[in-house]
Amino acid sequence: MKILVTGGTGFIGSHTVIELIQSGYDPVIVDNLSNSNISVLDGIREISGKVPNFYEIDCRNREALRQVFEIEKPEAVIHFAAFKAVGESVDKPLEYYSNNIGSLAILLEIMAEFDMHNLVFSSSCTVYGQPEQLPVTEESPDKNAASPYGYTKVVCEQMIKDVCHSKVALKSAILRYFNPIGAHPTGIIGELPNGVPNNLVPFITQTAIGKRDTLTVFGTDYSTPDGSCIRDFIHVVDLAKAHLAALEWLMNANTTFEIFNLGQGRGNSVLEVVKAFEALTGEGLNYKIGPRRSGDVEQIWANVDKAERLLGWKTKLGIEEGLRDAWNWEKQLQAKEQIRS
Ligand code: UD1
């Protein structure tokens, strides 16, 4: 079965492509490579033994995307392609609204035109803002996203919901990711942040390997047990597997629109992550305590009962495995860079 994966050379997309291949699907990748590298395809081949058909296309290019539908005739779409940096979205809101919302609008039109109705959509826990009750369920009423990036996800979810409830027979699983970490256990693919990483774990591994001087822990004056923020960190391989579970559920589902939280269902603080990394490597990490980062929520973790009940999915890996695989990936990246230079 052909599955179109937009953003399939990105961090979560590439891991999902591997899971799809290993489960007998035939993924087709569309990616404009704006935040990923073509070499990811080599990594996918090395791990899975296959190279998916690849189209270097921006999803806002309607004619090019139409042609992919015409050639490939996919039966479902997993839509990852989007910008995802919270801070950057504050500086460049129009780029975020144009790319994230524009891509989805065009994709939905083309899906309707080709009478193709199955969509798995990549959303984020950012739509919850700071929830009043923890753990947060999919019914949490407070969608006070704190950034333009967050609002693009709110708007995209609403667009999909409206189309599902219209006469277009769209069916969609909306996946709200918590904090993805880790890399493929082979160390062959992983996260490739452009420039200085925004996210915690790439910053930790880059500091440990010497690419960055010091990790700053953004705030230890929150109302949490150790004062640092709390997040629900989910291994990217667990997350990738959730996309398969969602896809299979969607193909057989009677309901047209469902939202799923994807996390471990538990929170870890930033300082806990730092200490777990130090325990893993047996070395001290160069870090300092700094001021809060603007826009950060204090604490959030997921209630994942719904995904477990309807998708038959739950995480198998913890932060230790996530940190181990992220570290392994960082070391392999460095080794490759040394060979090249
Ligand atoms: C946010 C979104 C998430 C989105 C992600 C995309 C929320 C609740 N989460 O994740 O949905 O997918 O952005 O990028 O809106 N930290 C440090 N030092 C650093 C980096 C991070 O202390 O150098 C801390 C942050 O203050 C935060 C935690 O680590 O408390 C996690 O930060 P990060 O990895 O950037 O992810 P979120 O901001 O939680």
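This is a short talk on a few local features of the structure above.

Hi everyone. Before we start, please keep in mind that this is a predicted model, where local features need pLDDT of at least 70, side-chain atom pairs count only at pLDDT 80 or more, and totals for chains, interfaces and linings use all residues. Residues are numbered from 1 along each chain as its sequence is written, and side-chain values use heavy atoms, with hydrogens and water left out.

Let's begin with strand 11, residues 257–262. Helices (H or I, at least four residues) and strands (E, at least two) are DSSP runs here, numbered from the N terminus. Six of the six residues in strand 11 are buried, so the strand is largely enclosed by the rest of the structure. By buried I mean under 20% relative accessible area; exposed is over 50%, and partly exposed is in between, with a 1.4 Å probe and protein chains only. In a regular strand, side chains alternate between the two faces of the sheet. For strand 11, Phe 257, Ile 259 and Asn 261 are buried on one side, and Glu 258, Phe 260 and Leu 262 are buried on the other. Its parallel partner is strand 6, residues 171–177, with six bridges between the two; pairing takes at least two DSSP bridges. In that pairing, Ser 172 sits opposite Phe 257.

Now to helix 2, residues 40–48. Its buried residues are Val 40, Leu 41, Gly 43, Ile 44, Ile 47 and Ser 48. Looking down the helix axis, they fall within an arc of 155 degrees, so they line one face of helix 2; the arc is taken from the directions from the axis to the C-beta atoms. What do those buried residues pack against? They pack against helix 1 (11–22), strand 2 (26–31) and strand 3 (53–56), where contact means heavy atoms within 4.5 Å. Just after the helix, Gly 49 has a positive phi of about 80 degrees.

Helix 1 also holds Glu 19. Is Glu 19 buried or exposed? Glu 19 is buried, at 8% relative accessible area. Leaving out residues up to four places away in sequence, Glu 19 touches Val 237, Ala 240, Lys 241 and Leu 244. With Lys 241 there is a side-chain polar contact of 3.1 Å. A polar contact is a pair of N or O atoms within 3.5 Å; within protein, one must be able to donate a hydrogen and the other to accept it, and residues adjacent in sequence count only if both atoms are side-chain atoms.

Last stop: Asn 252, in helix 8, residues 236–252. Asn 252 is exposed, with a relative accessible area of 65%. A polar atom of its side chain lies 3.0 Å from the backbone oxygen of Glu 248.
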